[in-house]
Amino acid sequence: MQIFIDSADAKELSVLAQTGLVDGVTTNPSLVAKAGRDFFETLKDICASVSGPVSAEVVAQDAETMLAEGRKLRTVADNIVVKLPLTPEGLKACKVFEEEGVPTNVTLCFSAVQALLAAKAGATFVSPFLGRLDDNGADGMELIREIRAIYDNYGFTTQILAASIRTANHVKDAALAGADCATIPPAVFKSLYKHILTDVGLEAFLKDWRATGQSIL
Ligand code: E4P
């Protein structure tokens, strides 16, 4: 499963990219507002440290303006993926971008039939929002399983990008459900390394090693 980071904090992303584990980035208008910098400068900085797909979202609501915004966003770098809302106009723009070979991420997906439409529109990625479904008393992970089954039934190549991830367990369950990628907030990404037995075990190994009085280098 590919790991994307869900953030518009270019500085933090450049540090995380040094782990060698970051396959891509997703941003959205709320994350850009939180980062508090110029959108285009932010995207330029992110693309300088991450060579994988970097999703940048349009804010227009009609297909024609979405296409214009998407084309402008694509001038930043070749790895920009145009993020489009799962609306009739968003999917219209998606279809045009597919014909032009422009990669897209169809966002705000909350149902399997929406994901079916995104695949038919030729989306490169579809983003089902797990956490927001869970927040509203639904089962976000069940949605991933349904989309996986539908895409496999028909051989759709649209990649399932599990989004709105809240916990390390969400990452594990999305991987088990067959999501192609997960976009993960920085804090959750850092928590993936953690296990108490790793810390305790390492401490014991180092203590025992010190007692040998030896050195490797
Ligand atoms: C995905 O592309 C979105 O940016 C994101 O995952 C939304 O997550 P949230 O529900 O935590 O805002």
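Select Ala162 and Ala182 to begin: Ala162 stands opposite Ala182 in strand β8. The structure on display is a predicted model, in which local features need pLDDT of at least 70 and side-chain atom pairs count only at pLDDT 80 or more, while totals for chains, interfaces and linings use all residues. Residues are numbered from 1 along each chain as its sequence is written.

**Confidence**

Colour the chain by pLDDT, the predictor's confidence in each residue, from 0 to 100. The mean pLDDT of the chain is 98, and 100% of its residues reach 70 or more. The model scores ipTM 0.97 and pTM 0.97.

**The barrel**

Strands (E, at least two residues) and helices (H or I, at least four) are DSSP runs, numbered from the N terminus. Now display the strands. In which order do the 8 strands close into a barrel? The order is β1-β2-β3-β4-β5-β6-β7-β8, and the pairing is parallel. From one strand to the next, the twist averages 30°.

Return to β8, residues 181-184, which 2 bridges join to β7; these strands run parallel. Two strands pair if DSSP finds at least two bridges between them. Next select residues 159-162, strand β7, together with residues 125-128, strand β6: they pair in the parallel sense over 2 bridges. Here Phe125 stands opposite Gln159 in β7.

Select residues 39-49. This is helix α3, which lies across β2 (24-26), β3 (54-57) and β4 (80-85), and runs at about 170° to β3. Axes are lines fitted to C-alpha atoms, for helices over the stretch in contact, and angles run from 0 to 180 degrees between N-to-C directions.

Ala10, Leu13, Ser14 and Ala17 of α1 make the contact with Thr42, Asp45, Ile46 and Ser49 of α3. Two residues are in contact if their C-beta atoms, placed from the backbone, lie within 7 Å. By class, the residues of this contact are 4 nonpolar, 3 polar and 1 charged. Ala, Val, Leu, Ile, Met, Phe, Trp, Tyr, Cys and Pro count as nonpolar, Asp, Glu, Lys and Arg as charged, and the others, Gly among them, as polar.

**Helices α4 and α5**

Select residues 63-74 (α4) and 88-100 (α5): their axes come within 8 Å and cross at roughly 50°. The two helices α4 and α5 are therefore oblique to each other. Show the side of α4 with Ala63, Met66, Leu67 and Gly70, which meet Glu89, Gly90, Lys92, Ala93, Val96 and Phe97 in α5. This contact of α4 with α5 has 6 nonpolar, 2 polar and 2 charged residues.

**Helices α6 and α8**

Finally, select residues 112-120 (α6) and 140-154 (α8), which pack at an angle of about 40° with their axes 9 Å apart. Which residues of α6 and α8 meet? They are Ala112, Ala115, Leu116 and Ala119 in α6, and Leu143, Glu146, Ile147, Ile150 and Tyr151 in α8. The residues of this contact divide into 8 nonpolar, no polar and 1 charged.

Conventions: Parallel < 35°, antiparallel > 145°, perpendicular 65-115°, else oblique.
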